[in-house]
Amino acid sequence: MAAETHLRADNYWDRSKVTRAPGRKIDCDVSVDVAIVGAGYTGLSTAYHLKAADPSLNVAVLESETVGYGASGRNAGFVMTLFGASLGLMKTLHGAEKVRAAHAHMERSIAALETMLEEHALDCDYQRSGFLKVATTPRYAARIRDEIATLEALGIHGHQWIGPEELSARVHSPTYLGAMVEPGCGLINPRKWVDGLAGVAQSAGAKIYENSPVKNVRREGGRFRLESNGATVTAEKVVFASNGYTHLIPGMRLKQLPAFVFIVVTEPLSEAQRASIGWAGREGVEDGRNFMHFYRLTPDNRLLMGGGPGFVPLGGRMNHDTHPAAWRHLEEFIATTFPGLAGIKIAHRWGGAFSVTADSTPQIGTLHGGAAAYSVGCTGHGVALAHMNGRILRDLILDKKTDLTDLWFVNRRSLPLPPEPIGSLGAKAVTAAMALDDWWCDRGATQP
Ligand SMILES: Cc1cc2nc3c(=O)[nH]c(=O)nc-3n(C[C@H](O)[C@H](O)[C@H](O)COP(=O)(O)OP(=O)(O)OC[C@H]3O[C@@H](n4cnc5c(N)ncnc54)[C@H](O)[C@@H]3O)c2cc1C
């Protein structure tokens with residue numbers, strides 16, 4: 001146990017970093033048309049789509065660390081249709097019509113991701129392998145079946161309930177009672193996807209500055225002045241694509257909170273281990289908990305297991321990439337879910353922050369009369385969405401009214417988060433209620 005506290009975060013996806021001309025560190029004053037803060041899916045997609053729309057624009061992306069340092073290089077690679085925290089919450093908060101529009105937008109986002117991969121010949125190990133939301137107790141089974149009924153009632157089709165036998169023919173686990181199948185979802189190598197976006201943005205002529213944290217943004221004489229590494233970037237327009245770190249930027253403190261989630265990846269499975277779990281379709285799998293577990297096979301046949309206990313740090317502090325207790329939980333959860341894998345060696349462990357708004361709904365907005373734009377709150381569902389948000393940010397920055405800028409979550413009215421420490425204490429109360437609900441639903445689990 002003592003050794004466990006010394007475990008270091010070691011992201012499996014970093015092994016597949018693709019070779020790309022490294023971004024230079026900013027070390028002298030520059031003047032650009034558009035400065036973008038953050039080199040994840042959102043920032044890089046915005047940069048590419050701006051340059052594609054108007055090659056004469058001078059576009060610079062400033063990244064604190066290196067491309068994909070944030071959630072974009074750390075996630076599980078589920079390409080999903082879920083918008084915001086959960087279907088039930090979105091329907092309660094926003095009503096049927098907006099949920100329908102959001103779902104259609106997510107399907108469009110997946111299609112747009114697939115088109116980007118194809119048009120730019122990006123090899124990101126992408127597969128449209130489908131998604132399974134599995135029930136592990138009768139209470140979760142009832143909830144998941146209700147969710148399918150809600151989707152149907154909304155006119156959102158294509159989700160199907162399968163019982164334990166049919167599910168067992170796909171993935172073998174003694175804990176499963178059934179699942180919702182959603183065939184339109186996929187899995188991607190998130191690291192290759194973010195590196196791919198960086199490559200196309202650079203090829204289109206956008207400049208990427210790495211190791212260039214933006215410490216301050218001021219507006220003077222109708223232009224923005226961004227300070228980084230002692231240099232000043234002067235820009236006509238600014239995009240904040242800083243996601244779970246946005247609260248650290250002066251003036252943006254109450255836009256969102258970071259929430260941390262953790263992942264482990266095993267050694268490659270032996271043939272016997274692989275046979276013990278089935279999973280020929282290689283679907284992405286999630287369970288029905290609020291603190292859901294999400295898992296998949298990697299292209300080299302390791303099991304990636306993520307989720308379970310996560311947390312919102314007090315005061316929005318970002319130094320939480322390691323979490324031995326969460327990693328231990330995931331290791332135990334592997335053994336419970338797949339007894340044939342009990343004792344398998346964990347080769348990689350890491351964690352990262354996603355972004356949550358006050359109502360757990362994604363938000364894209366403009367500031368300074370449209371001279372600046374931001375995107376926050378993709379929660380844990382931004383792999384397809386964040387790339388699409390780049391197209392929305394492009395239209396906002398170019399001051400174009402399009403079907404994308406007309407989407408209801410763009411420039412929507414929303415409450416700011418309360419100031420600290422009330423914000424993170426409030427979030428802790430909500431997460432405690434969610435954990436209690438999970439405990440209630442877990443009672444009566446079918447244990448192996
Ligand atoms: C562990 C984990 C698992 C997830 N799994 C999934 C999944 O399977 N499917 C899914 O759809 N979504 C998932 N998500 C969410 C998804 O990864 C995010 O929604 C998406 O990556 C957000 O992209 P982004 O570009 O907006 O933000 P990020 O990738 O977080 O990029 C923001 C960047 O801004 C930089 N930055 C911040 N502040 C500054 C500054 N002041 N100056 C310069 N740079 C700055 C950061 O260093 C960072 O690189 C997961 C998230 C996590 C953390």
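**Why do we call it that?**

Modeller: Let's start with leucine 436, which is found in helix 10 (residues 422-442). Helices (H or I, at least four residues) and strands (E, at least two) are DSSP runs, numbered from the N terminus. This is a predicted model, where local features need pLDDT of at least 70, side-chain atom pairs count only at pLDDT 80 or more, and totals for chains, interfaces and linings use all residues. Residues are numbered from 1 along each chain as its sequence is written, and side-chain values use heavy atoms, leaving out hydrogens and water.

Biologist: Why is leucine 436 called exposed?

Modeller: Its relative accessible area is 56%. Exposed means over 50%, buried means under 20%, and partly exposed is in between (1.4 Å probe, protein chains only). So 56% makes leucine 436 exposed.

Biologist: Then why does glycine 155 count as partly exposed?

Modeller: Glycine 155, in the loop between helix 4 (138-153) and strand 5 (160-162), has 43% relative accessibility, so it falls in the in-between class.

Biologist: And what makes threonine 379 buried?

Modeller: Threonine 379 has a relative accessible area of 10%, so it is under the cut-off for buried. You'll find threonine 379 in the loop between strand 18 (372-376) and helix 9 (385-397).

Biologist: How do you know that the side chains of threonine 379 and histidine 381 make a polar contact?

Modeller: Their distance is 3.2 Å. A polar contact is a pair of N or O atoms within 3.5 Å; within protein, one must be able to donate a hydrogen and the other to accept it, and residues adjacent in sequence count only if both atoms are side-chain atoms.

Biologist: Now the ligand. What makes serine 72 one of the closest residues around it?

Modeller: A polar side-chain atom of serine 72 lies 2.5 Å from an oxygen atom of the ligand. A residue is near a molecule if one of its heavy atoms lies within 4 Å of it, so serine 72 qualifies. In total, 38 residues surround the ligand.

Biologist: Which element gives the largest share of the shell around the ligand?

Modeller: Strand 16 does, with three residues. Helix 1 (41-53), strand 12 (257-266) and strand 16 (346-356) each supply at least two.
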